[in-house]
Amino acid sequence: MGKKKRLLVPREEIAWFPTIDATECNGCGECADFCRPGVFEPGSPEPDAVVVKRPKMRVANPYSCLVLCTRCEPVCPSGAITLPDPHEFGKYVEIVDN
């Protein structure tokens, strides 16, 4: 039998979601391609950019992120994604049998 996470408070009360360092993000979109819950999407292109570049990624749906999921962080080739300290969020999750 498998294990499943159950939240102990409403998801909107848990500030677990990634942040993106815009200075590091190269706009590759690997995070959006990888994340099934749809947390990431391209941001707005820079209106005054001399050279057209890919728009930086942004966290569009932070509360769609699965609490304690860390899978997107190593997927980012530029290291722009960071997540909160998981030790501070274990109190919001209970592991139960499926």
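**Exercise 1. Sort the lining of the largest cavity by class: how many residues are nonpolar, polar and charged?**

Start with the sorting rule: Ala, Val, Leu, Ile, Met, Phe, Trp, Tyr, Cys and Pro count as nonpolar, Asp, Glu, Lys and Arg as charged, and the others, Gly among them, as polar. Apply that to the lining of the largest cavity and you get eight nonpolar, four polar and one charged residues.

Before going on, know what you're working with: this is a predicted model, where local features need pLDDT of at least 70, side-chain atom pairs count only at pLDDT 80 or more, and totals for chains, interfaces and linings use all residues. Residues are numbered from 1 along each chain as its sequence is written, and side-chain values use heavy atoms, with hydrogens and water left out.

**Exercise 2. Find the volume of the largest cavity and compare it with the largest pocket.**

Step one is the idea: rolling a probe the size of a water molecule over the atoms shows where empty space is left.

Step two is the wording. On a 1 Å grid over the protein atoms alone, a cavity is a set of points where a 1.4 Å probe fits but cannot get out, while a pocket is an open set with protein on both sides within 12 Å along at least five of seven lines; lining residues have an atom within 4 Å of a point. Grid points are joined across faces, edges and corners, and a volume is the space filled by probe spheres set on the points.

Step three: the largest cavity holds about 60 Å³. Of the 13 residues lining this cavity, Cys25, Cys28, Cys31, Met57 and Cys76 are the closest to its centre.

Step four: the largest pocket has about 220 Å³ of space. Its lining includes Pro18, Phe34, Cys35 and Phe40, and by class has ten nonpolar, no polar and two charged residues.

**Exercise 3. Which residues touch the most other members of the largest nonpolar core?**

A nonpolar core is a set of buried Ala, Val, Leu, Ile, Met, Phe, Trp, Tyr and Cys residues joined through side-chain atoms within 4.5 Å. Here buried means under 20% relative accessible area, exposed over 50%, and partly exposed in between (1.4 Å probe, protein chains only). The core has 17 residues, and Trp16, Phe40 and Ile81 touch the most other members.

Now zoom in on Phe40. Counting contact as heavy atoms within 4.5 Å, and skipping neighbours within four places in sequence, Phe40 has partners including Pro18, Ile20, Met57, Arg58 and Ile81.

**Exercise 4. How many salt bridges are there, and which parts of the chain does the Lys3 pair link?**

First, the rule: a side-chain nitrogen of Lys or Arg within 4 Å of a carboxyl oxygen of Asp or Glu. That gives three salt bridges.

- Lys3 pairs with Asp97 at 2.6 Å, N to O. Lys3 sits in strand S1 (residues 3-7) and Asp97 in strand S6 (residues 93-97), 94 residues apart. Lys3 is exposed at 59%, whereas Asp97 is partly exposed at 47%.
- Glu94 meets Arg6 at 2.3 Å, N to O. This pair also links S6 and S1, 88 residues apart.
- Glu41 meets Arg58 at 2.7 Å, N to O. Glu41 is in strand S3 (residues 40-42) and Arg58 in strand S4 (residues 57-59).

To place those strands, note that helices (H or I, at least four residues) and strands (E, at least two) are DSSP runs, numbered from the N terminus.
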